[in-house]
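Dear colleague,

I am passing on the structure below, and I would be glad if you could look through it alongside the notes that follow.

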Amino acid sequence: MNRSNNAQTTQRPVNLDDIWKELVDGILQIYDHEKSLTRKQYMRFYTHVYDYCTSVSAAPSGRSTGKTGGAQLVGKKLYDRLELFLKDYLRDLLTKFQSISGEEVLLSRYTKQWKLYQFSSKVLNGICNYLNRNWVKRECEEGQKGIYKIYRLALVAWKGHLFQVLNEPVTKAILKSIEEERHGKLINRALVRDVIECYVELSFNEEDADATEQKLSVYKDNFEVKFIADTYDFYEKESDAFLSTNTVTEYLKHVENRLEEEKQRVRGRNSKNALSYLHETTADVLKLTCEQVLIEKHLRLFHTEFQNLLNADRNDDLKRMYSLVALSPKNLDQLKKILEDHILQQGTEAIEKCCTSDAANDPKTYVQTILDTHKKYNALVLTAFDNDNGFVAALDKACGKFINSNVVTKPNNASKSPELLAKYCDLLLKKSSKNPEDKELEDNLNQVMVVFKYIEDKDVFQKYYSNMLAKRLVSHTSASDDAEAMMISKLKQTCGYEYTVKLQRMFQDIGLSKDLNSNFKEYLKTQNITSEIDFGIEVLSTNAWPFTQNNNFLLPSELERSVQQFTIFYSARHSGRKLNWLYHKCKGELIMNVNRSNGVYTLQVSTFQMSVLLQFNDQLSFTVQQLRDNTQSQLENLIQVLQILLKAKVLTSSDSESALTPDSTVELFLDYKSKKRRININHPLKTELKVEQETVTKHIEEDRKLLIQAAIVRIMKMRKRLNHTNLISEVLNQLSTRFKPNVPVIKKCIDILIEKEYLERMEGHKDTYSYLA
């Protein structure tokens, strides 16, 4: 039993010389490719290697390195002989390349021999698999340098004995082929691809035998660096030559094509060509190089052409230029500046053309001109510049500049833009025969908000809009309550609740007044009071409405009774509240029957006009002074009312309209005729318009001072201490959404708050303020 075990564990040593002749013949057969290796041969050679590596050597186990282990010693001899074989084989192979002439022939021979050698080395690696897994692995683990698996050893041999000699002519041949392809010649891309694959395969880390990650040093040092340099030189010459004989727009198309061609040379997911040959790591440096030489080098020329393309509205070419320059976003800054200046110029010129002295007061023309300019360049930014944030900002800056500063606003009237925009809203929202459909009206209001976004003095718009809304509501001339509510909602969304709180309160008052009128009529019935006139009332909150009391005439006695009745009714329902009557905002209808043959007419008049006309129920003729005494009105206002009545031919005078004096006589025109049965002569007085304008301006200034003071207090309450410069800066920033405060006004407001003891100047730091709780 013991003898049998000894027989099994004892193996006769295999002498390398005994198997080498057969083994080397097989390896030659593998590398010469004259005859294929059979499976039986492959297994026999594998067995030779296995038997040799597992045999127990009778030789001493010591080595020159001082390491021990019989298996190591046996493995080393085989490894050394394989290394020597590869060296000799490659030396012989190199001699066959010496007689080759012509780049394509060289590339063809090189790639053919490389593929055969690569395949043969993989077969040899398989045969030596046991050597790799044991002896080679152990040597590497023990830190031995220059020991590789057999396939890697074959690559090291190719790199050291053949590549080092041939890489320069082969690289030159590749670069020449690529240059020929750039000139339009058809080349054998497969050859270039195979050579580059060889360079990549040889780019292993020789310091780490087990490393699987490629460092690509061979590829980059021997090919990529030279390729990038050649690319730069090629396109530098080509771009200069092309621009000398072609336009910039043609050059842009040429660059697009060239960039796409270079992109298709790189292997990877973006490549549409199966024969792409450059390694994917070259993509970034190649792209950067092409951008530098084809685009960045010619940016000055692009900037000049960009302005020309804007002037000519060549949007397709603008899109092409943007897409190329945007490859490096830092290069877009100058294009943004050119676009901003161009839009500013176009917007300013468009307003100058349309806004003559008359058109300056035409809100529709003014706003439509702004919208046309914005629409044109907004579409350009959207389509040609891919809605790029930088170009959107350039559009916004330019629109903000020409909307807030143009020929209309410059003559000491910086608030004209918000005023005209508010008047345009009034045109849209007021009843007329030209009112658009709901959908069109909503689109128009959306367009208004586009312009509103650029208005600096949003508080000015608020004042004018509030005045005009108030007039529409009290005169019941709104085209649609839904449209009014929609506009207020848009303003609230843009500027916040505080901006629209008064506007919403106006709507509430009108709704409450409807119920109040119904209750008043019920009250008259219950009191058995018969009203001689159809009397309606609107009760408005003083704080919400922009109206001021201005009763500069005597109310007609015919209305006095109704006013007193309503005052009694309202006081009973709301004790402690005081009614202030706004006679100058009231209106009514008078029935005029001066000549039975001409029929009866209904005149729509203001209360002031009513006060004058009702005088003629007593007599047919009055002097201006008599009317003034009877109505207790100001002469200037009375003359303007009479001018309106004279122009409407309700009254006549021997004096002309413009030459009325207190002694002038006016008479009721008894032969009055009109095609219409209802005639509206309720036109605003010039003095009223002037006072209204002055009041708006005054209120804006007062409100701004209060807003500035409130902002200062908020800031100082939070900061406690702040120097003058930072306080000014924070105030400007905080109020920028409402208006642009003047620095001198801010300084005055600071002084006012110091007087009111909200702030104080710190001792020793006169430019610093502290908050007083």
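Which residue in strand 9 does Arg761 stand opposite? Arg761 faces Tyr769 there.

Before the rest, a word on how to read this. The model is a predicted one, in which local features need pLDDT of at least 70 and side-chain atom pairs count only at pLDDT 80 or more, while totals for chains, interfaces and linings use all residues. Residues are numbered from 1 along each chain as its sequence is written, and side-chain values use heavy atoms, with hydrogens and water left out.

**The chain as a whole**

The protein chain has 28 helices and nine strands, these being DSSP runs numbered from the N terminus (H or I over at least four residues for helices, E over at least two for strands). Its radius of gyration is 48 Å, well over the 28 Å that the globule rule gives for 773 residues, so the protein chain is more spread out than a compact globule; the radius is taken over C-alpha atoms, and the rule is 2.2 Å times the number of residues to the power 0.38. Along the principal axes, the C-alpha trace of the protein chain spans about 155 × 70 × 60 Å.

Of the 773 residues, 45% count as buried, where buried means under 20% relative accessible area, exposed means over 50%, and partly exposed lies in between (1.4 Å probe, protein chains only). Among contacts in the protein chain with a separation of 6 or more, 71% come from residues 24 or more positions apart, a contact meaning heavy atoms within 4.5 Å.

**The strands towards the end of the numbering**

Strand 9 (residues 765-771) runs antiparallel to strand 7 (residues 721-723), to which three bridges join it, and it also runs antiparallel to strand 8 (residues 759-762), with four bridges. Two strands are taken to pair if DSSP finds at least two bridges between them. Strand 8 and strand 9 form a hairpin with two residues between them, and Gly764 in the turn has a positive phi of about 80 degrees.

**Two buried helix residues**

His374 lies in helix 15 (residues 363-383) and is buried, with a relative accessible area of 11%. Once its neighbours within four places in sequence are left aside, His374 is in contact with Leu395, Cys399, Val450 and Tyr454. The C-alpha atoms of His374 and Gly347, which are 27 residues apart along the chain, are separated by 8.2 Å.

Ser562, found in helix 22 (residues 557-573), is buried as well, with a relative accessible area of 6%. Not counting residues up to four places away in sequence, Ser562 touches Phe520, Ser531, Ile533 and Phe535.

**Two loop residues with positive phi**

Asn387, which is not a glycine, has a positive phi of about 55 degrees; Asn387 lies in the loop between helix 15 and helix 16 (389-404) and is partly exposed, with a relative accessible area of 38%. His476, likewise not a glycine, has a positive phi of about 55 degrees; His476 lies in the loop between helix 19 (458-474) and helix 20 (481-495) and counts as partly exposed at 45% relative accessibility.
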